[in-house]
Amino acid sequence: MLIKTLLNKAEHFKSFIFTAVSLRIVKDTEAVVIDIVARKNSKPECPECGKRCKTHDVQPVRLFEYVPALGFKWFYRYAPRRSSCSDHGVLVEYMPWSFGKDRMTTS
């Protein structure tokens with residue numbers, strides 16, 4: 001069974017897709033890096049009100065530390081979109097695996 005399949009069973013993110021899993025050097029340590037992309041035609045969700053909004057732009061790629069397993073650190077790698085909410089202005093989209101600016105996952 002593929003790692004992507006296991007992640008899809010354990011972590012179901014409606015508007016996001018796990019695309020690639022690779023072994024990389026992160027902070028001088030070998031780590032498993034899981035790339036995440038937004039589904040095509042999905043709109044970013046406002047973190048304040050939860051409404052789906054237009055995409056304003058995309059921020060640089062960030063690493064989010066996931067649960068370590070099999071002797072490796074695991075990271076999600078994602079470039080967050082910024083949503084243009086009519087009520088709250090331009091904000092970084094809601095990401096179900098993270099809370100606010102935290103670099104750790106909530107899993």
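Trainee: Which residue forms a salt bridge with Asp 35, and how far apart are the closest N and O atoms?

Mentor: The partner of Asp 35 is Arg 77, with the closest N and O atoms 2.7 Å apart; a salt bridge here is a side-chain nitrogen of Lys or Arg within 4 Å of a carboxyl oxygen of Asp or Glu. Because Asp 35 lies in strand β2 and Arg 77 in strand β5, the pair ties together parts that are 42 residues apart in sequence. Helices (H or I, at least four residues) and strands (E, at least two) are DSSP runs, numbered from the N terminus. The model is predicted: local features need pLDDT of at least 70 and side-chain atom pairs count only at pLDDT 80 or more, while totals for chains, interfaces and linings use all residues. Residues are numbered from 1 along each chain as its sequence is written, and side-chain values use heavy atoms, with hydrogens and water left out.

Asp 35 is buried, with a relative accessible area of 13%, whereas Arg 77 is partly exposed at 25%. Buried means under 20% relative accessible area, exposed over 50%, and partly exposed in between (1.4 Å probe, protein chains only).

Both strands belong to an open sheet of four, ordered β1-β2-β5-β4, with mixed pairing; two strands pair if DSSP finds at least two bridges between them. Axes are lines fitted to C-alpha atoms, for helices over the stretch in contact, and angles run from 0 to 180 degrees between N-to-C directions. β4 and β5 run antiparallel and are joined by six bridges. Arg 77 takes part there as well, as the bridge partner of Leu 63. Helix α1 (residues 3-10) packs on the sheet and touches β1, β2, β4 and β5, its direction making about 125° with that of β1; contact means heavy atoms within 4.5 Å.

Next, the residues on either side of Arg 77 in sequence. The structure holds 10 aromatic pairs. Phe 16 and Tyr 78 form an edge-to-face pair, because their ring centres are 5.5 Å apart and their planes stand at 90°. That pair links distant parts of the chain, with Phe 16 in β1 and Tyr 78 in β5, 62 residues apart. Phe 16 is buried at 8% relative accessible area, and Tyr 78 is buried at 2%. Tyr 66 and Tyr 76 are stacked, at 4.8 Å centre to centre and 25° between the planes. Tyr 66 sits in β4 and Tyr 76 in β5, 10 residues apart. Tyr 76 has a relative accessible area of 0%, and Tyr 66 is also buried, at 13%. For these pairs, rings of Phe, Tyr and Trp (its six-membered ring) must have centres within 6.5 Å; planes under 30 degrees apart count as stacked, over 60 as edge-to-face and the rest as tilted. Ring pairs join these four residues, along with Phe 13, Phe 18, Phe 64 and Trp 97, into a cluster.

A charged residue in β4 gives a contrast. Glu 65, in β4 (residues 62-69), is buried but has no salt bridge, and the nearest side chain of opposite charge, Lys 73, is 4.1 Å away. Lys and Arg count as positive and Asp and Glu as negative; His and the chain ends are not counted. Beyond its neighbours within four places in sequence, Glu 65 is in contact with residues including Lys 73, Trp 74 and Arg 103.

The structure holds five salt bridges. Among them, Lys 51 and Asp 87 meet with their closest N and O atoms 3.2 Å apart. Lys 51 is in the loop between β2 and β3 and Asp 87 in the loop between β6 and β7, so this pair ties together parts that are 36 residues apart in sequence. Lys 51 is partly exposed at 36%, and Asp 87 is exposed at 54%. Arg 82 and Asp 57 also form a salt bridge (2.7 Å, N to O). It links strand β6 to strand β3, the two residues being 25 apart. Arg 82 is partly exposed at 24%, as is Asp 57 at 30%. β3 and β6 pair in the antiparallel sense over four bridges.
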